[in-house]
Amino acid sequence: MLREQLELLNNIKAVEFTALELNLYLDTHPTDQRAIMDYNASVQEWERLRAIYVEKYGPLLPTDIVEGSSWRWIEGPWPWEIDY
Amino acid sequence: MWIYEKKLQYPAKVGRANLKMAKYLITQYGGPDGELSAALRYLNQRYSMPTNVTKGILTDIGTEELAHLEIIATLVYKLVKDASVAELKAAGLGSHYADHDRALFYVDAEGNPWTAAYIQAKGDPVADLIEDLAAEKKAEATYQWLIDLTDDPDLKDTLNYLRVREIVHFQRFGEALDLVQEHQAAKKIF
């Protein structure tokens, strides 16, 4: 995998992780308004980075629609094949 | 329902790790305190939980454990994929090879198959959450023992990430337990 692609993927992972942590925190603190705002902000950033990645490198979710004449969802590398 | 995102939650790196580690790492795949046990335990307990908080946290942590399962699978996959049969035998993986070639399987470090006897759902929310707290502590300890077993800094890094996640899960389950006990006390008063 290209260095640039891996870097973008790592940035997505980092933002997604922030969102997940807030998600779990909110499950047990559902009225924390500040946390909800932070969560929404991190999800927006996640969507922004994802859009860039998907457009350049292909789908991360099966519902990501990309240009191309073939079904890119099944294309390699699969996550366990990537050299991190 | 579940959607699959085609990426690992965290990079799985094996660096210069010894092939022998594959035999030990597999216990967090199919062993008693591993990620499959965690995922299936939480995703199953959630059906009989009384509050939205507990249904939510069990669903979300259970789902995260599936992502961790994938990381362990990736570590083992990378360790064995280029190993020769002779190397696999020397690393204590001959029996695994006889049954599975280089395929992954849900077993512990001795090759014992995963069993639902590793998990429980008593239907009593307090009992179930206390089991979950214990499970997270046992998983955390197992990751520490795996970190102790390897010198490879890359592998240590991935294992440490997984270890720290268990600590966070423990925290969340503790909060869920407090809330469930409050909920039960409130029901008794009214």
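**Exercise 1. Find how the axes of helix H1 (residues 3-28) of chain A and H2(A) are placed, and name their relative direction.**

Step 1. The two axes come within 9 Å and cross at roughly 155°. Here axes are lines fitted to C-alpha atoms, for helices over the stretch in contact, and angles run from 0 to 180 degrees between N-to-C directions. Helices are DSSP runs (H or I) of at least four residues, numbered from the N terminus.

Step 2. Angles over 145 degrees count as roughly antiparallel, under 35 as roughly parallel, 65 to 115 as roughly perpendicular and the rest as oblique. That makes H1(A) roughly antiparallel to H2(A).

Step 3. The residues of this contact divide into 17 nonpolar, five polar and four charged. Ala, Val, Leu, Ile, Met, Phe, Trp, Tyr, Cys and Pro count as nonpolar, Asp, Glu, Lys and Arg as charged, and the others, Gly among them, as polar.

A note before going on: this is a predicted model, in which local features need pLDDT of at least 70, side-chain atom pairs count only at pLDDT 80 or more, and totals for chains, interfaces and linings use all residues. Residues are numbered from 1 along each chain as its sequence is written, while chains are lettered from A and ligands numbered from 1 in the order in which they are written.

**Exercise 2. Is Asp101(B) buried or exposed?**

Step 1. Look in the loop between helix H6 (94-100) and helix H7 (125-149) of chain B.

Step 2. A residue is buried if 20 or more other C-beta atoms, placed from the backbone, lie within 10 Å of its own, exposed if 12 or fewer, and partly exposed in between. Asp101(B) has 10 C-beta neighbours inside 10 Å, so Asp101(B) counts as exposed.

Step 3. Check the backbone too: phi of Asp101(B) is near 55°, a positive value in a residue other than glycine.

**Exercise 3. How many residues of chain A are in contact with chain B?**

Step 1. Two residues are in contact if their C-beta atoms, placed from the backbone, lie within 7 Å.

Step 2. With that rule, 14 residues of chain A touch 24 residues of chain B.

Key: Helix = DSSP H or I, 4+ residues; strand = E, 2+ residues; numbered from the N terminus.
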